[in-house]
Amino acid sequence: MSYPPKTLVVDRFSSSCGDCGKSADPSSKGHYVLLGWGPTHGNPGCGVEWENVTTNYAGPSMEEATKNLRPDLNYIREARLLD
Ligand SMILES: [Zn+2]
């Protein structure tokens, strides 16, 4: 699975960085810190500053929620299909 550069991936229960694939804070401007469970929680992220946002969950409600969460980013529909 690959994403366009600088893409924040918002999912139902967690979010991740499209560049490095690691967990991310969906409210942050960029990937500055790793979230999630386990010993890497709180470690530095890859540092990319997101320009795009997408979700792996299809459907209008998740699309709306993602857009509402990050109106500052360019929403990409079904970015997972780009490969
Ligand atoms: Zn990253």
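The chain holds one helix and four strands, where helices (H or I, at least four residues) and strands (E, at least two) are DSSP runs numbered from the N terminus, and along the sequence they follow the pattern β-β-β-α-β. The model is a predicted one, in which local features need pLDDT of at least 70 and side-chain atom pairs count only at pLDDT 80 or more, whereas totals for chains, interfaces and linings use all residues. Residues are numbered from 1 along each chain as its sequence is written.

**Overall dimensions**
- The radius of gyration, taken over C-alpha atoms, is 12 Å, close to the 12 Å that the globule rule (2.2 Å times the number of residues to the power 0.38) gives for 83 residues, so the chain is as compact as a globular protein of that length.
- Along its principal axes, the C-alpha trace spans about 35 × 25 × 25 Å.

**Sheet and helix**
- Four strands form an open sheet of mixed pairing in the order β2-β1-β3-β4, two strands being paired if DSSP finds at least two bridges between them.
- The edge strands, each pairing on one side only, are β2 (15–17) and β4 (74–75).
- β1 runs parallel to β3 (residues 52–55), to which four bridges join it, and N52 in β3 is the bridge partner of T7.
- Helix α1 (residues 60–69) packs on the sheet, touching β1, β3 and β4, and its direction makes about 155 degrees with that of β3; axes are lines fitted to C-alpha atoms, for helices over the stretch in contact, and angles run from 0 to 180 degrees between N-to-C directions.

- Leaving aside neighbours within four places in sequence, V53 is in contact (C-beta atoms, placed from the backbone, within 7 Å) with T7, L8, V10, T66, R70, L73 and Y75.

**Two individual residues**
- K6, in the segment before β1 (7–10), has a phi near 60 degrees, a positive value in a residue other than glycine, and is partly exposed, with 18 other C-beta atoms within 10 Å.
- N43, in the loop between β2 and β3, counts as exposed because it has 11 C-beta neighbours inside 10 Å.

Note on methods. A residue is buried if 20 or more other C-beta atoms lie within 10 Å of its own, exposed if 12 or fewer, and partly exposed in between; C-beta atoms are placed from the backbone. Two residues are in contact if their C-beta atoms, placed from the backbone, lie within 7 Å.
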